[in-house]
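User: Could you take me through how to read a few features of this model, giving the general idea and then the case at hand?

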Amino acid sequence: MNIRQRIVIIIALLLLISCTTSTPTNDEPLRLTLTELAEFNGKDGNKAYIAVDGIIYDVSDDPNWVNGLHNGFEAGKDLSVEIKNASPHGVSKLEGAIKVGEIKK
Ligand code: HEM
């Protein structure tokens, strides 16, 4: 086998490997318990997630939620009651928010 044939075989093998070991698809919704959600508090490089009515939203890049804090409220929690009763805006602010998953009971 000459060098050219070897190179062709190596390229073919690399192509085959790259097809069979494709990166896992990310279409499975994230499912977290409230205990697991607590880790996503927006601190120490963690993502900032909040849950409202069983849906988890990613507010990591929201300027209102710097370091997972917003008007005295903390990310990593279920804030269903608070957003409805303690905020002036109610759930309307969630319309543009990024949904990333659901709370696992
Ligand atoms: C999830 C639970 C949430 C709670 C408990 C909450 C709470 C509050 C509170 C108490 C205020 C009034 C602050 C003041 O009077 O100075 C406020 C204002 C505000 N919040 Fe929230 N908030 C929540 C979620 C969000 C989200 C997800 C966003 C945006 C993505 C957001 C954006 C804002 C903005 C822009 C204001 C300024 C006033 C307004 O536009 O109505 N909040 N929030």
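**Reading the loops and the ligand shell**

Analyst: Aspartate 53 is found in the loop between β2 and β3 (55–58), where strands are DSSP runs of E of at least two residues and helices are runs of H or I of at least four, both numbered from the N terminus. This is a predicted model, in which local features need pLDDT of at least 70, side-chain atom pairs count only at pLDDT 80 or more, and totals for chains, interfaces and linings use all residues. Residues are numbered from 1 along each chain as its sequence is written.

User: What is the phi of aspartate 53, and does the residue count as buried or exposed?

Analyst: A residue is buried if 20 or more other C-beta atoms, placed from the backbone, lie within 10 Å of its own, exposed if 12 or fewer, and partly exposed in between. Aspartate 53 has a positive phi of about 50° although it is not a glycine, and it counts as exposed because it has 12 C-beta neighbours inside 10 Å.

User: Where does asparagine 71 lie?

Analyst: Asparagine 71 lies in the loop between β4 (69–70) and β5 (73–74); its phi, in a residue other than glycine, is positive and near 50°, and with 10 other C-beta atoms within 10 Å it is exposed.

User: How many residues surround the ligand?

Analyst: A residue is near a molecule if its C-beta atom, placed from the backbone, lies within 6 Å of it. Here 18 residues surround the ligand, the closest being Leu79, Glu82, Ile83, Ser87 and Lys93. The elements giving two or more residues to this shell are β2 (49–52) and α3 (80–85).
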